[in-house]
Amino acid sequence: MRGRRFKTQADIDRHIAHGYGQGDGASYKPWLRVQDVPSQGRSRRVQGVKTGRLHEFLSELEFGYFLVLEFSEQVVDIREQFPIFPTEQTIDIAAQLGIRYPRFHGTQLHYVMSTDFMVTLQAPDGAQNWWPARSNTKKPSNHPPT
């Protein structure tokens with residue numbers, strides 16, 4: 001891994017303190033960056049029009065889904081590599097489903113799960129709603145109406 005490595009809870013806390021996985025619009029900082037994830041596929045960074053910031057995509061599928069979101073009139077914000085906190089809740093859900101929760105390699109530290117996108121949609125009445133979405137090749141991805 002070329003980027004950040006998590007070996008202790010203090011590493012995760014420092015990542016949070018630096019604003020990763022937080023903010024919205026131009027101020028959002030993705031939890032994961034291209035250089036943080038080893039990949040044999042194609043990753044890319046792309047300047048967003050809606051957000052006015054650089055987006056980090058770990059696959060061509062994520063990039064393609066981003067393009068759909070970027071041109072949707074209902075979408076007002078796009079946050080990629082969005083962390084799912086609190087981690088304790090995701091650990092409990094995995095346990096209830098009988099799934100062994102992953103840990104960072106070589107540690108006992110639980111992995112911080114993320115979703116490919118957290119999308120903010122604006123309804124016709126002006127209300128805004130968050131929509132978690134994933135790009136996935138095995139099953140249809142969740143996506144907002146366009």
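This is a predicted model: local features need pLDDT of at least 70, side-chain atom pairs count only at pLDDT 80 or more; totals for chains, interfaces and linings use all residues.
Reader: Asp77, buried or exposed?

Author: Asp77 is buried, at 7% relative accessibility. Arg79 counts as buried too, at 3%.

Reader: How many salt bridges does the structure hold?

Author: It holds 7 salt bridges. Among them is one between Arg45 and Glu56, at 3.1 Å from N to O.

Reader: What does that pair tie together?

Author: Arg45 lies in strand 1 and Glu56 in strand 2, so the pair ties together parts that are 11 residues apart in sequence. Arg45 is partly exposed, with a relative accessible area of 43%, whereas Glu56 is buried at 8%.

Reader: What does Asp36 form a salt bridge with?

Author: With Arg33; their closest N and O atoms are 3.3 Å apart. Asp36 is buried, its relative accessible area being 4%.

Reader: New topic. Which residues of helix 2 are buried?

Author: Helix 2 covers residues 60-70, and its buried residues are Glu62, Phe63, Tyr65, Phe66, Leu69 and Glu70.

Reader: Where on the helix do the buried residues fall?

Author: Seen down the axis of helix 2, they fall within an arc of 165 degrees, so they line one face of the helix.

Reader: And what covers them?

Author: The cover includes strand 1 (44-47), strand 2 (54-57), strand 3 (75-83), strand 4 (114-122) and strand 5 (128-133).

Reader: What does Ser59 reach at the start of helix 2?

Author: A side-chain oxygen of Ser59 comes within 3.4 Å of the backbone nitrogen of Leu61.

Terms used: Residues are numbered from 1 along each chain as its sequence is written. Side-chain values use heavy atoms; hydrogens and water are left out. Buried means under 20% relative accessible area, exposed over 50%, partly exposed in between (1.4 Å probe, protein chains only). Helices (H or I, at least four residues) and strands (E, at least two) are DSSP runs, numbered from the N terminus. The arc is that of the directions from the helix axis to the C-beta atoms. Contact means heavy atoms within 4.5 Å. A polar contact is a pair of N or O atoms within 3.5 Å; within protein, one must be able to donate a hydrogen and the other to accept it, and residues adjacent in sequence count only if both atoms are side-chain atoms. A salt bridge is a side-chain nitrogen of Lys or Arg within 4 Å of a carboxyl oxygen of Asp or Glu.
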